[in-house]
Amino acid sequence: MGKVYEVKHPLIQHKLTMIRHKEVGTKDFRALVDELAMLLTYEASRDLPLEDISFDTPVAHTTQKQLTGKKLAVVPILRAGLGMVDGILELIPAAKVGHIGMYRDEESLEPVEYFIKLPEDIQSREVLLVDPMLATGGSARDAISALKARGAQKIKLITLVSAPEGVEAVLAEHPDVDIFTASIDEGLNDQGYIVPGLGDAGDRLFGTH
């Protein structure tokens, strides 16, 4: 059964507060999103399996822990999810990267899929699906369905800011998916934006309007 982890680490909360400010420019916004993605991935990767290995240090022979080699894939939902990839790869450089392209129809607020490209062995990888915002939940819900249709079995969703409506929508359709987020905000406004949120993450990351 999937769980929701609202990560209250002081560094995460501090950096999240910084990116909420509308005066923060594109360069600083990108850097902070990178850092937040890395910190949230640190939390999301706590259950990665370990194995014992024996080797020599400069002082003695020892047995220590290392990752078992479990394969990971980072899959951003385009375009805003791209802003989180570099921070995750700093932490897990061996992860492969896929892409899912979706946009939100301005009238229906429903997601439309226009592109998907995944590692060939996606079925054997644990997938970190990333998107800064979990608003209505439509894009994340459909992206998870697209991953499962292509064989992905273990999926975690990492977001910076989430609305309760989005969390509920994802878990209603995908109760096996864990969600990691820095904040569950108050809700959505009439335009489908998270309140208080941080605005349009894609526009703020790429300097568009």
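Pro-196 sits in the loop between strand β13 (194–195) and helix α6, and the peptide bond that joins Val-195 to Pro-196 is cis, with omega about -5 degrees. A cis bond also runs from Leu-78 to Arg-79, where omega is near 0 degrees, and Arg-79 belongs to the loop between β4 and α3. Helices (H or I, at least four residues) and strands (E, at least two) are DSSP runs numbered from the N terminus.

This is a predicted model, in which local features need pLDDT of at least 70 and side-chain atom pairs count only at pLDDT 80 or more, while totals for chains, interfaces and linings use all residues. Residues are numbered from 1 along each chain as its sequence is written, and side-chain values use heavy atoms, with hydrogens and water left out.

**Helix packing**

Two packed helices are described by the angle between their axes and the distance between the axes. Here the axes are lines fitted to C-alpha atoms, for helices over the stretch in contact, and the angles run from 0 to 180 degrees between N-to-C directions. Angles under 35 degrees count as roughly parallel, over 145 as roughly antiparallel, 65 to 115 as roughly perpendicular and the rest as oblique. A crossing is left-handed if the near helix is turned anticlockwise from the far one by less than a right angle, and right-handed if clockwise.

| Helix pair | Crossing angle | Axis distance |
|---|---|---|
| α1 and α2 | roughly 155 degrees | within 10 Å |
| α2 and α3 | about 50 degrees | 7 Å |
| α4 and α5 | roughly 25 degrees | within 8 Å |

Helix α1 covers residues 10–20, and α1 and α2 are roughly antiparallel to each other, with a left-handed crossing. Their contact, where contact means heavy atoms within 4.5 Å, is made by Leu-11, Ile-12, Lys-15, Leu-16, Met-18 and Ile-19 of α1 together with Phe-29, Leu-32, Glu-35, Leu-36, Leu-39 and Leu-40 of α2. By class, this contact has 10 nonpolar, no polar and 2 charged residues; Ala, Val, Leu, Ile, Met, Phe, Trp, Tyr, Cys and Pro count as nonpolar, Asp, Glu, Lys and Arg as charged, and the others, Gly among them, as polar.

For α2 and α3, the angle of about 50 degrees makes α2 oblique to α3, and the crossing of α2 and α3 is right-handed. On the α2 side the contact is formed by Val-33, Asp-34, Ala-37, Met-38, Thr-41 and Tyr-42, and on the α3 side by Gly-83, Met-84, Asp-86, Gly-87, Ile-88, Glu-90 and Leu-91. Sorted by class, the contact of α2 with α3 has 7 nonpolar, 3 polar and 3 charged residues.

Helix α3 spans residues 82–91, and its buried residues are Gly-83, Met-84, Val-85, Gly-87 and Ile-88; buried means under 20% relative accessible area, exposed over 50%, and partly exposed in between (1.4 Å probe, protein chains only). These buried residues pack against α2 (26–44), β4 (72–78), β5 (96–97), β8 (126–130), β10 (154–162) and α6 (201–206).

Helix α4 (residues 138–149) and helix α5 (residues 164–173) are roughly parallel to each other, and their crossing is right-handed. Ala-140, Arg-141, Ile-144 and Ser-145 in α4 meet Ala-169, Val-170 and Glu-173 in α5, and by class this contact has 4 nonpolar, 1 polar and 2 charged residues.

**An aromatic pair**

Rings of Phe, Tyr and Trp (its six-membered ring) pair if their centres lie within 6.5 Å, with planes under 30 degrees apart counted as stacked, over 60 as edge-to-face and the rest as tilted. By this rule the count comes to 1 aromatic pair. The ring centres of Tyr-5 and Phe-180 are 4.6 Å apart and their planes lie at 10 degrees, so the pair is stacked. Because Tyr-5 lies in strand β1 (residues 4–6) and Phe-180 in strand β11 (residues 178–184), the pair ties together parts that are 175 residues apart in sequence. Tyr-5 is partly exposed, with a relative accessible area of 33%, whereas Phe-180 is buried, at 6%.

**Two further positions**

Gly-25, found in the loop between α1 and α2, counts as partly exposed at 37% relative accessibility, and its C-alpha atom is separated by 20 Å from that of Asp-131, 106 residues apart along the chain. His-209, in the segment after α6, counts as exposed at 95% relative accessibility, and the C-alpha atoms of His-209 and Gly-166, 43 residues apart along the chain, are separated by 23 Å.
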